[in-house]
Amino acid sequence: MATPDVGDLEGKVQQMYRQVAEQPHASYHFEMGLALAQRLGYPEDLLAAIPEGAVESFAGVGFFFDLAALQQGETVIDLGSGSGMDTFIAAGLVGPTGSVVGVDFTREQLTKARRLAAEAGIEHVEFREGRIESLPADDESFDCVISNGVINLSPDKQRIFAEAARVLRPGGRLAIADIVTTRPLTEAIVSNADLWASCIGGAAEQDIYRNLIEAVGLMIKATQPNPYGFLSTQARNASVKYGVHSISLLAVKPGR
C-alpha cells in the first residue's frame, strides 16, 4: 500500500509539533494539556510534581506507567519525548539514582524540554535530538522504553521496534500508548501526509502492530484500551469507520 512522501510527512509532523511546543493553548484537531492527562488516567500527584510547561504541551494518547512499573534506579528512554511530560514523570519514578533520556526530532520541543529541566533543576534527564528509527543510544543500555502517541507517525514501525529491542537490556520492558485500527485504512488515507500528521493515516491494524513487536523478539504481556477521542469531524469519522482507537501495551525482552 502507498505511503506519503517521507520528507513531506516529516515536515508536516515537525510543523505541527513545533506549534504544540510554542502555542500549547491554540486549537488543534486533538486535545492537549492537563485535562487530557487527567482523563487518560495520570494521577494528580505525578502531574503536580513536574514542570507545568511540560503538561501544557502534552499531546499523548494514553497512560502506560501502570504497565511500565518503573523502579528507583532504573534507566528509561522516551521515544518522541516532545516537551517532556512523560520523561519528567519517569524521572520522578526512577529517582535521582536512575536516569531518563528523551529523544525527539523537533528542535522547538527539545529546546522547551531542556529549558524546563534546567529551570526545575532536574539533573537526571537528558534530551537528545534524533529519530526514533535510529536511536542515539547504546545497545542494552535501558531498563524500559516508553512512548506515547508517536510510533503511529512513522512509516517504518518495524525499525522502531527493532531499535527498542536493541537498546533494552535482557528482561527490559517496552511500555507504550499508541493509535491503532481494527480494520485496514484505505490507500487514499494512508497516502495522505496530513492524515498521518493527525495520527490517523499511519495507524496500523492492531494485530499487525502486535506482530511487528513480536517479530523483533519482544513478548507482549498486556494490552489495555485508553479513553482517547479525536476532536475533528474527519478524525471522528475515521474512528467510527475503521475502528481507530488508542491502546497501551507492555512487552518484555526475554532475559538471558
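**Exercises on a predicted protein model**

The protein has 12 helices and eight strands (DSSP runs, H or I of at least four residues for helices and E of at least two for strands, numbered from the N terminus). The model is predicted, so local features need pLDDT of at least 70 and side-chain atom pairs count only at pLDDT 80 or more, while totals for chains, interfaces and linings use all residues. Residues are numbered from 1 along each chain as its sequence is written, and side-chain values use heavy atoms, without hydrogens and water.

**Exercise 1.** Compare the radius of gyration of the protein with that of a compact globule.

*Solution.* Step one: take the rule, 2.2 Å times the number of residues to the power 0.38, with the radius computed over C-alpha atoms. Step two: for 256 residues a compact globule would have a radius near 18 Å. Step three: the protein has 17 Å, which agrees.

**Exercise 2.** Find the buried residues of helix α11 and state how they are arranged around its axis.

*Solution.* Step one: apply the cut-offs, under 20% relative accessible area for buried and over 50% for exposed, with partly exposed in between (1.4 Å probe, protein chains only). Step two: in α11, residues 206-215, the buried ones are Tyr209, Leu212 and Ile213. Step three: viewed down the axis, they fall within an arc of 100°, so they line one face of the helix (the arc is that of the directions from the axis to the C-beta atoms). Step four: on the other side of α11, Asp207 and Ala215 are exposed.

**Exercise 3.** Which elements are included in the cover of the buried residues of α11?

*Solution.* Look for contacts, meaning heavy atoms within 4.5 Å. The cover includes α8 (157-167), β5 (168-181), β6 (204-205), β7 (219-225) and β8 (245-252).
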